[in-house]
Amino acid sequence: MRCKSCGAINRHKFTAEIGIHSPGLKNIDMPVVWVFPELAVCVECGMAEFAVPEAELRLLAKGEGATR
């Protein structure tokens, strides 16, 4: 599959651990939402793509942060 940014076909897959924080000082006490996706990284331009799993996506949509 081609990179959506530069069109290169040189993409590699990696596992990742990503903590998603709500922005701004008013949200400093909100818990982090942790996701462990598979990343597709273009090694030509650095563009990375991943999908947020449904359960964590619901937490982000409600603005509740993580419960773990």
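Select Glu 38 and Lys 13: both are exposed, where exposed means over 50% relative accessible area, buried under 20%, and partly exposed in between (1.4 Å probe, protein chains only). Their side chains meet in a salt bridge, 3.5 Å from N to O. This pair links distant parts of the chain, with Glu 38 in strand β4 and Lys 13 in strand β1, 25 residues apart. A salt bridge here is a side-chain nitrogen of Lys or Arg within 4 Å of a carboxyl oxygen of Asp or Glu. Helices (H or I, at least four residues) and strands (E, at least two) are DSSP runs, numbered from the N terminus.

A word on the source: this is a predicted model, in which local features need pLDDT of at least 70 and side-chain atom pairs count only at pLDDT 80 or more, while totals for chains, interfaces and linings use all residues. Residues are numbered from 1 along each chain as its sequence is written, and side-chain values use heavy atoms, with hydrogens and water left out.

**The sheet**

Switch to cartoon view. In which order do the three strands of the open sheet run? The order is β1-β4-β5, with antiparallel pairing. β1 (11–15) and β5 (48–49) stand at the edges with a single partner strand each, so one side of each has no neighbour in the sheet. Two strands count as paired if DSSP finds at least two bridges between them.

Now select β4, residues 38–42. Five bridges join this strand to β1, and the two run antiparallel. Pick Phe 14 next: its bridge partner in β4 is Leu 39.

Select Arg 11 and Glu 49. Their side chains form a salt bridge, at 2.8 Å from N to O. Arg 11 lies in strand β1 and Glu 49 in strand β5, so the pair ties together parts 38 residues apart in sequence. Glu 49 is partly exposed, at 21% relative accessibility.

Move to helix α1, residues 54–62. Which residue forms a salt bridge with Arg 58? The partner is Glu 54, with the closest N and O atoms 3.0 Å apart. Both residues lie in this helix, four residues apart, about one turn. Arg 58 is partly exposed at 47%, whereas Glu 54 is exposed at 59%.

To finish, show every salt bridge: a search of the whole structure finds four.
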